[in-house]
Every structure is written in structure tokens, then in C-alpha cells.
Amino acid sequence: MVGNTYPYTALDWEADIRLAQAHGFDAFALNVGREDWQRERVADCYAAAHELRTGFQLFLSFDMTSIPGAAEADAGLLRAYMALFGRHPSQLVYRGRALVSTFAGDGCMFGRTSPSDAWAFVRTQLETVCPIHLVPAFFMDPARYPSLAAIDGIFHWNGGWPVHLHAGSAREEVEYPALDSDRHHTRHLDGRIYMAAVSPWFFTHYGPDSWNKNWIYRGDDWLLVRRWEYLLAHRDSVDIAQVISWNDYGESHYLAPVHGAQPNSQAWVDGFPHDPWLALNAYFARAFKEGRMPAVGHDRLFLWARPHPKDVVAPDSVPRPRDWELTEDRFWVAVFACAPCTVLLVSGDEHSRRFECPAGVSKLSCPLRPGHGMRAEMMRGGVMVARCHPVEYRFEAEPEVYNFNVYVAASE
């Protein structure tokens, strides 16, 4: 999210690129809006990537909920970006063409009468700079994809979460939900590029006096792990995997350390690190690129949990998020074990569970007890080989605000 990088310098971009590349990322999708200052940050990012000379690449994702797209002249902003960066040495070139994406845009007509004509016009404008592969995130019936001759594929942004769930969904559908909406999209692409979404969480909490966004998607059931597992099982139908997100704090699915400019999300982001997920994600990114699950190199535990019971009443000016009923008061654990082991999960003495785990990756969970934290211990041969007990975390019985974000921790 370039919109969250207002105070960034070239050094900040260099640090982000180094961190991302160290955790298996090959490129950043730079989500850009209409503000002029964002073009300067994008220029800094491209320059930083080129200066590092590590092969890290970048591509533009035009946020069409911000960028105007009603008139023909509105395509000028998109073309201006491509003129600056389309032939840059750090531009991601996919199958011989510069990759270009969007967030939304299927409702942008650019002076035309249909999305097909609109994006054919935009494509013509962008290709005055360089050949492109246009892979937008359009929110439309996938059955309409064959009518869009100007696009080279689709980024299924909503595929990162079980967005079909709602408070009235049957419990057997809510628990361990299907993450297979990709198939509704790939079947209509006829071999065109498919970019799949992966995300660890989703919670946003803006009131009517702000962006009026206040809901959750169910992120329980080890969402990040299970989504990767699904993509690995369907690797032949996925060309590119995009992780949502590096730094979208407002929607609580950031993986990187909190840095830059938050979009008034401090109430639910400050004090809730997610960066341990980087190492977890790196394992699956490697598996996706290599086409197989790597052997686990060392014992490690990853834990994450929300900060208060889902049905608690808080003195918050913004109500509970829509669909709060979907989540569960548990902490979630991913076990990475070099060899068979025993794992103990604890949240207060009354809420402890013991599991026998094989070598590899295991998914566990444990109920949370108000007033207590979360702890996991891995034992093998009577010796503790890994332990995670984030002392800063407590499952609070009486929170001041509604917060359905998660605290993420990992053993060393």
C-alpha cells in the first residue's frame, strides 16, 4: 500500500525490499492511488530496488477505487505511471511483458459504454509505452471474463478469505471453511494468467464518520497455512500467488513490521505485531515455487490470537464489526517439527491441551481463558526443544475498544 508510505525515504524502501526478499518474496505489487505524492514514493521504490541489484522486482497495481476512471482523459494518470516505470530495470516482466494489475476498475468506463471497450482503450494507451500483461482484480461475475478481450488474466483478490460466510451461515460451513473459490474464476479464463490471493487475516474498524468499514472475514482455522496448502494442491492452475498484504494496516492483514503512516488504524494495530508470519509464509512461498513441501529445517512454533472474547461489550464509539459471530475464542498454532514431538498448549491452568505431532507442519488450537495469555511448548525425548510464551499478550475480559486483530508470536 503506497498510501501508507508517506514518510518513506529510499532507505525505508531498501529495508523493506531486503526483508521481503529474505522471506521468499520476489516482487512488490505497488498499490497506487490518485495522490501526486504517491508517484514520488513509487519512484523511490523503483530506484531502491535497482540500487540494491538483488533481482527484486516491482509492478503497479492501480487502485481504481481512488483513481478516477469515468472520462477518457482519466487514463492519462495510468499512462503517466507506465511512462515512468514500464521500462524500468526493476519492472516485473512476466512472459516477456510488463505486468500491470488493478484493485477494482470493472466499473470504470473511461468514456466508453462497456468494461470491455474501456479497458481495451486503456490497454492501447499503456502499450504506447511498452507491451503489457494486464491482470486486474475485477469484482464481477467470472462468466463475463470471456467478453474482456483486453485483459490477459485475473487477480482474484477475494480468494484470500472465505468471504461467502456471514453471521447466519451454518456452523458446519463456518468451521474449517472451503477456500476454493479460485475454481469459479479459472474455469472462465481459458488458459489466461491466474493470480491467486493469499492472506492471513481481515479486520477493519472504521465508523460512519470515517471510511465506514467495520467487519471481519473469518481468519480462524489457520487461514494462512490452509490457503497455501490449497494453492499447493492446485499448483498447475495458479500462475502467480500474491500475498495480501505487506502493509495494509487498516484491514489488519499486514505481514511486515508496522512502519510508515497508518490510516488511522492505531487503535487496533499498535501493539499487535504480525511479522512472525513472515517466516511462516516464507516456508510456503518456497514450497509454491519449488512445487513440493521442503523438509522442516528446525523446530519452531507460531501462535496467534485475538485480544478479547468475541461477545464482550466494550465502551467503543464504533460498534462490534459485522460478522463478529464468525470467529472463535481460541489461539491458533502452527507447529514446524524436525521429528515427531509432543506439544503442550496452555491458556490458564484449566485450558491446557497436549498433542502428539509428526515431523513436518501440524495445525493445532486451544481455547483462550480471559485474563490469561497463550503458551506453547514442544518436547522431544523429555527435552524442551521450542517454547513460545509472549508475555505482552493477554486475553482481556474488559477491553476499551473492539479489536478483532491478532497478536502473532513465534519461538526463537
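**Close-up views of the predicted model**

View 1. Cys 388 is buried, with a relative accessible area of 3%. The model shown here and in the following views is predicted. With a disulfide requiring two cysteine sulfur atoms within 2.5 Å, the count comes to zero disulfides. Cys 357 takes part in no disulfide, as the nearest cysteine sulfur, that of Cys 341, is 4.9 Å away. Cys 357 also counts as buried, at 5% relative accessibility. Cys 388 is likewise in no disulfide; its nearest cysteine sulfur belongs to Cys 366 and is 13 Å away.

**View 2. An open, antiparallel sheet of four strands.** The strands follow the order E15-E12-E11-E18, and their pairing is antiparallel. Strand E15 (360–367) and strand E18 (407–410) stand at the edges; each has a single partner strand, so one side of each is left without a neighbour in the sheet. On average, and with direction ignored, neighbouring strands of this sheet are turned by 15 degrees against each other.

**View 3. The pairing of E11 with E12, and the helix across the sheet.** Strand E11 (residues 300–305) and strand E12 (residues 330–337) run antiparallel and are joined by five bridges. Leu 301 has Val 335 of E12 as its bridge partner. Helix H9 (residues 276–290) lies across E11, E12, E15 and E18, and runs at about 120 degrees to E11.

**View 4. Nonpolar cores.** In soluble globular proteins, nonpolar side chains tend to be buried together. The largest nonpolar core of this model holds 118 residues, of which Leu 78, Phe 110, Trp 119, Leu 280, Leu 301 and Trp 304 touch the most other members. Leaving aside residues up to four places away in sequence, Leu 280 touches Leu 224, Val 225, Phe 302, Trp 304, Ala 334 and Phe 336. A second, separate core comprises 19 residues, including Phe 59, Val 135, Tyr 217 and Leu 223.

**View 5. The enclosed helix H7.** Nine of the eleven residues of helix H7 (residues 223–233) are buried, so this helix is largely enclosed by the rest of the structure. The buried residues of H7 are Leu 223, Leu 224, Val 225, Arg 226, Arg 227, Trp 228, Tyr 230, Leu 231 and Leu 232. Their cover includes helix H6 (182–186), strand E7 (193–198) and strand E10 (240–243), together with H9, E12 and E15.

Note on methods. Residues are numbered from 1 along each chain as its sequence is written. This is a predicted model: local features need pLDDT of at least 70, side-chain atom pairs count only at pLDDT 80 or more; totals for chains, interfaces and linings use all residues. Side-chain values use heavy atoms; hydrogens and water are left out. Buried means under 20% relative accessible area, exposed over 50%, partly exposed in between (1.4 Å probe, protein chains only). Two strands pair if DSSP finds at least two bridges between them. Helices (H or I, at least four residues) and strands (E, at least two) are DSSP runs, numbered from the N terminus. Axes are lines fitted to C-alpha atoms, for helices over the stretch in contact, and angles run from 0 to 180 degrees between N-to-C directions. Contact means heavy atoms within 4.5 Å. A nonpolar core is a set of buried Ala, Val, Leu, Ile, Met, Phe, Trp, Tyr and Cys residues joined through side-chain atoms within 4.5 Å.
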